[in-house]
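Q: Could you walk me through this structure? I have not looked at it before.

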Amino acid sequence: MSFKNILGQYRPINILKGYIEQSRLAGGYLFVGPEGVGKKLVAQTLAKVVNCQEETLDACDRCASCYKVDKNQHPDVHIINTENNNEIKIEYIRQLQNDISYKPYEGRKKVFIIYNAHRLTAEGQNALLKILEEPPSNSLIILVSDKPSLLFKTIISRCKVLKFSPLKRTELEQILKKDYDLDTQTAHFLAYFS
């Protein structure tokens, strides 16, 4: 999926496109907002955009790089995601520290996405803080959280914070009709009550 296909998050996407256009996309980012509004989707799409072989402000969804990111097989895109609400322990961050020190293998940037970053242990947050203080210029760290208050304030201060909003009812209705092939009345009903 490319940025143009993501509904409802135009403001954070336009901010990211501005950073890309000005060649200022580097360091750490914190995507915050309610659960299920598209933060993870935008993070994965951003990983595609910065490594897309077409080198535009959006992912082409056709090149080998975009395909690899979609299949979670790109050597320069690393995702930390724990199962069953488990903590993200320091071992994950130590692996990130090791991986971030190398140059990108086939892409332009190494991208590290940490889903549910609020589950980082205190030791993990301290180790991540050291990376966020001086990240390599060819890397991008994206923290995704719906509970940013559980993160250290020092981590938040070293990230560019992008706020994601809940979808509008009309946008949610469009998604329900398109993705789930629902009729207008059912989609309207579900969008209204969700």
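Q: What kind of model is it, and what should I know before we start?
A: This is a predicted model, where local features need pLDDT of at least 70 and side-chain atom pairs count only at pLDDT 80 or more, while totals for chains, interfaces and linings use all residues. Residues are numbered from 1 along each chain as its sequence is written, and side-chain values use heavy atoms, with hydrogens and water left out.

Q: OK, the sheet. In what order do the strands come?
A: The sheet is open and has five strands in the order β2-β3-β4-β1-β5, with parallel pairing. Strands here are DSSP runs of E with at least two residues, helices are runs of H or I with at least four, and both are numbered from the N terminus; two strands pair if DSSP finds at least two bridges between them.

Q: Which strands stand at the edges?
A: Those are β2 and β5 (159-163), each of which has a single partner strand, so one side of each is left without a neighbour in the sheet. From one strand to the next, the twist averages 20°.

Q: And β3, what does it pair with?
A: On one hand, β3 pairs in the parallel sense with strand β2 (residues 77-80) over four bridges, and Ile114 of β3 is the bridge partner of Ile80. On the other hand, β3 pairs with strand β4 (residues 139-145), again in the parallel sense, over six bridges, and there Ile114 stands opposite Leu143.

Q: Is β3 mostly covered or exposed?
A: Strand β3 (residues 110-115) is mostly covered, as six of its six residues are buried, where buried means under 20% relative accessible area, exposed means over 50%, and partly exposed lies in between (1.4 Å probe, protein chains only). Both faces are covered, with Lys110, Phe112 and Ile114 buried on one side and Val111, Ile113 and Tyr115 buried on the other.

Q: What about β1?
A: Strand β1 (residues 27-32) runs parallel to β4 and is joined to that strand by six bridges; Tyr29, for instance, has Ile142 in β4 as its bridge partner.

Q: Which helices make β-α-β units with β3?
A: Helix α4 (residues 90-100) makes a right-handed β-α-β unit with β2 and β3, and helix α5 (residues 122-133) makes a right-handed one with β3 and β4. Right-handed means that, with the strands pointing away from the viewer, the path from the first strand over the helix to the second runs clockwise.

Q: Switching topic: how many disulfides are there?
A: There are zero disulfides in the structure, a disulfide being a pair of cysteine sulfur atoms within 2.5 Å. Cys63 is in no disulfide, and the nearest cysteine sulfur, that of Cys66, is 3.6 Å away.

Q: Are those two cysteines buried or exposed?
A: Cys63 counts as buried because its relative accessibility is 9%, and Cys66 counts as buried because its relative accessibility is 0%.

Q: Last one, where is Asn72 found?
A: Asn72 is found in the loop between α3 (64-70) and β2, and at 53% relative accessibility Asn72 counts as exposed. The C-alpha atoms of Asn72 and Leu120 are separated by 22 Å, the two residues being 48 residues apart along the chain.

Technical notes. Axes fitted to C-alpha atoms, helices over the stretch in contact; angles between N-to-C directions.
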